[in-house]
Amino acid sequence: MVLLAMESTGLYGHLFDATKDQHLLNNILLQFFHHPWNGLRFWDLIQPSFMFMAGVAMAFSLTKQYAQGITWNQSFKKVLKRCLWLFFWGVLDYAVRGTKLSFELWDVLTQLSFTTLIAFLIFRWSAVAQMITCIGLLLLTELLYRFTNVPGFNQPFVDQHNFGNYVDLLLMNKINKGGWVAINCIPTAVHTIAGAMAGKLLINGNKKIQRLLTWAGICFVLGYGLDYAHITPIIKRIATSSFTLASLGWCLCFLSVSYWWVDIKNHRKHLQFFTIVGMNSIFIYLFFEIVGDRWFTEYITIISSNLLSYIHTPEAFALILSSLSVFAVEWYLCYFLYKHKIFFKL
């Protein structure tokens with residue numbers, strides 16, 4: 001969420017523009033932008049990690065609820081309510097385009113409303129049954145893209161001409177110019193289901209890191225293997241099965257490192273900076289997506305840029321400092337809520 005907040009300020013774009021003459025640094029910063037189509041960059045892992053960690057959190061939450069004697073029906077009502085709110089805020093995030101209202105289903109919260117519900121419904125199934133479900137979701141994705149054969153949308157891995165684009169035309173009467181599709185929620189449900197399974201492993205399992213890394217290796221072999229063999233290309237924008245598997249491998253690695261660093265090595269002293277944002281992740285996400293994107297970021301940037309101009313700050317450096325100023329104010333908002341024990345939850 002910290003990385004997303006920084007991205008919303010335009011920081012990565014300013015850094016990228018400022019380092020065009022520095023080849024190595026510029027290539028590193030390129031990792032903070034989505035790959036245009038076939039390939040995988042660091043920034044392509046943010047949304048899968050979001051979905052995955054939602055699943056991990058679900059495992060801890062539901063395990064606690066069941067220990068407290070809360071019934072499945074009661075938990076279902078809570079999860080259903082949460083999913084409806086996620087869907088609402090996801091649609092609201094994209095509801096205004098210029099001076100018009102718009103109905104769009106591409107926001108991560110809209111996607112998460114679906115994946116959360118699926119992960120909950122099969123949460124009590126055996127690990128084998130959940131893995132079979134994940135395989136089924138990936139196979140369903142492959143079948144929909146390869147064999148639906150809709151005229152004009154029968155090229156499975158071609159932007160603007162695939163089955164996902166066709167479904168968007170049916171649902172929203174529009175196609176995303178960036179290539180994103182609403183039915184990404186089908187394959188990315190695997191991220192949330194896998195997150196819930198990993199969460200249960202952290203709670204009750206043994207050889208946790210070894211097992212997480214083993215599954216990460218399997219996902220890497222399958223995901224990158226499908227791409228290298230030219231069977232299914234890694235495309236984040238339509239969440240191909242190869243992308244889902246490769247990104248899941250990275251999510252499992254991230255979780256392994258975090259668990260080792262925080263729970264085993266007990267390095268907890270210097271994490272408050274991130275905890276403050278994470279405790280109000282829904283609030284800050286909606287803030288910088290709705291308020292920040294449409295007003296706040298520009299307002300703070302104008303103030304900081306004009307102040308920096310008085311001391312003749314170079315334009316590129318001024319833009320970077322302005323972005324950091326916006327992020328600092330957003331972080332302080334989270335800090336204010338944290339200090340006053342105000343936590344927004346769905």
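Which helix gives the most to the lining of the largest cavity? Helix H7 (residues 127-147) does, with three residues. This is a predicted model, in which local features need pLDDT of at least 70, side-chain atom pairs count only at pLDDT 80 or more, and totals for chains, interfaces and linings use all residues. Residues are numbered from 1 along each chain as its sequence is written, and side-chain values use heavy atoms, with hydrogens and water left out.

**Cavity**

- The whole structure holds one cavity of 30 Å³ or more; a cavity is a set of points on a 1 Å grid over the protein atoms alone where a 1.4 Å probe fits but cannot get out.
- The largest cavity contains about 40 Å³ of space, a volume being the space filled by probe spheres set on the points, which are joined across faces, edges and corners.
- Its lining consists of Thr 141, Glu 142, Tyr 145, Phe 157, Thr 232, Ile 238, Ala 239, Thr 240 and Ser 241, where lining residues have an atom within 4 Å of a point.
- By class, this lining has four nonpolar, four polar and one charged residues (Ala, Val, Leu, Ile, Met, Phe, Trp, Tyr, Cys and Pro count as nonpolar, Asp, Glu, Lys and Arg as charged, and the others, Gly among them, as polar).

**Helix H7**

- H7 has 21 residues and spans 30 Å from first to last C-alpha, close to the 30 Å expected at 1.5 Å a residue (1.5 Å times one less than the number of residues); helices are DSSP runs of H or I, at least four residues, numbered from the N terminus.
- Buried residues of H7 include Cys 134, Thr 141, Glu 142 and Tyr 145 (buried means under 20% relative accessible area, exposed over 50%, partly exposed in between, with a 1.4 Å probe and protein chains only).
- The cover over the buried residues of H7 includes helix H8 (163-172), helix H9 (185-204) and helix H11 (241-264).

**Cysteines**

- There are zero disulfides in the whole structure, a disulfide being a pair of cysteine sulfur atoms within 2.5 Å.
- Cys 219 is buried at 7% relative accessible area, and its sulfur is 9.2 Å from the closest cysteine sulfur, in Cys 134, too far for a bond.
- Cys 253 is buried at 17%, and its sulfur lies 9.3 Å from the closest cysteine sulfur, in Cys 219, also too far for a bond.

**Positive phi**

- Most residues other than glycine have a negative phi.
- Asn 149, which follows H7, has a positive phi near 55°.
- Gln 160, in the loop between H7 and H8, has a positive phi of about 75° and is partly exposed at 25%.
- Asn 266, in the loop between H11 and helix H12 (272-278), has a positive phi near 60°.

Methods: 1 Å grid on protein atoms, 1.4 Å probe; cavity = no way out; pocket = protein on both sides within 12 Å on 5 of 7 lines; lining within 4 Å. Helix = DSSP H or I, 4+ residues; strand = E, 2+ residues; numbered from the N terminus. Contact = heavy atoms within 4.5 Å.
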